[in-house]
Amino acid sequence: MGGDFGVAVVVRAAAKYLEFNRDTSLILVGDQQEIAVEFNKINVKPCERLKIHHTSQQVEMNESPSSALRTKKDSSMRVAVNLVKEGIAHACVSAGNTGALVATARYVLKTLSGIDRPAIISTIPSIHGHTYMLDLGANVGCTSEHLLQFAVMGSVLASAIDEIENPKVGLLNIGEEEIKGNEQVKQANEMLRQSGLNYIGYVEGDDVYCGDVNVVVCDGFAGNVSLKASEGVARTISHYIKQEFDRNLLTRLSGLLALPVLKSFSQRIDPRCYNGASLLGLRGVVIKSHGSADAYSFQHAIDIARVEAVKQVPQQIDTRIVEYLEHSSAL
């Protein structure tokens, strides 16, 4: 029910996703009447693999997390997370209010033992394929201990999803020199060196896209700004390329010749292909889709949820955190 385009996007994404993923079932949680209207528009009917779970409320995009928790117990968001807790669903995907989703998921599912706060992680395109980055907005203020926990969770996710045996982890800073950074980052740097992770030290903003690093760790303020900036850069590049090729007849003809290359380039930097941020550190899989996601983009978020459920990412994080705590106590 959330996001900029609401039910229409989710229904179309769900129907299309199920065409190519026969081993998956989806439960659409929200207003049954609104969902049924969209079903009729695309000539789809509820079935064993595509069910509707009716709810009487929805969380508004500008609603405070505390209000959503207090007054929206039958919202589509709350009920969807409840289904994960009850074991009826293996994962939850939402394009709704981010703050409310983080608060609701944390309240209902609880964090894993040894994890203080959940963190939002997603992939960002890089010259090596992609880089995992967290936190992307769940925690504006973080301690050095939180950054360490984020590093452990990010390392586990990269290992589980990309099957990297020992992911390289970097700590985002304003420079690679040891003297740079605030006290929180400096303390996290020392803790990470003793963590047993494959920690490569400080990385800068350009390393997210060009560096030899698998996981970049930062607080939610820096992470969210970096993410939105990268999305803006991608749109700006696409805008200028189109503008230059549309300048005159000759450039339009050259654009036709370059069309295969341009399409490939567009797909590699298209933010829609990277939609779906994981809320790590919870006792269940919760995926946050971008609010402006279209049906194509939302399918990516569904797929991330499916993969994390199959790979049992929360369970893997739980095991790794226990190993880390044992390692720390032995130092």
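Visitor: What covers the buried residues of α2?

Guide: This is a predicted model. In it, the cover over the buried residues of α2 includes α1 (7–20), β1 (26–30) and β2 (50–54).

Visitor: Which residues of α2 are buried?

Guide: In helix α2 (residues 32–41) they are Ile35, Glu38 and Phe39. They span an arc of only 105° around the axis, which puts them on the same side of α2. Exposed on the other side of α2 are Gln33, Asn40 and Lys41.

Visitor: Why do residues three or four places apart point the same way?

Guide: An α-helix has 3.6 residues a turn, so such residues point the same way.

Visitor: What caps the N-terminal end of α2?

Guide: Aspartate 31 does. One of its side-chain oxygens lies 3.1 Å from the backbone nitrogen of glutamine 33.

Visitor: Why is asparagine 139 called buried?

Guide: Its relative accessible area is 7%. Buried means under 20%, so asparagine 139 qualifies. The residue sits in the loop between β5 (129–134) and α6 (144–162). Beyond its neighbours within four places in sequence, asparagine 139 has contacts that include Arg117, Phe150 and Asp219.

Visitor: Why is asparagine 43 called exposed?

Guide: Its relative accessible area is 70%. Exposed means over 50%, so the label holds for asparagine 43. This residue lies in the loop between α2 and β2.

Visitor: What is the phi of asparagine 43?

Guide: Positive, about 55°, although asparagine 43 is not a glycine. Most residues other than glycine have a negative phi.

Technical notes: Residues are numbered from 1 along each chain as its sequence is written. This is a predicted model: local features need pLDDT of at least 70, side-chain atom pairs count only at pLDDT 80 or more; totals for chains, interfaces and linings use all residues. Side-chain values use heavy atoms; hydrogens and water are left out. Buried means under 20% relative accessible area, exposed over 50%, partly exposed in between (1.4 Å probe, protein chains only). Helices (H or I, at least four residues) and strands (E, at least two) are DSSP runs, numbered from the N terminus. The arc is that of the directions from the helix axis to the C-beta atoms. Contact means heavy atoms within 4.5 Å. A polar contact is a pair of N or O atoms within 3.5 Å; within protein, one must be able to donate a hydrogen and the other to accept it, and residues adjacent in sequence count only if both atoms are side-chain atoms.
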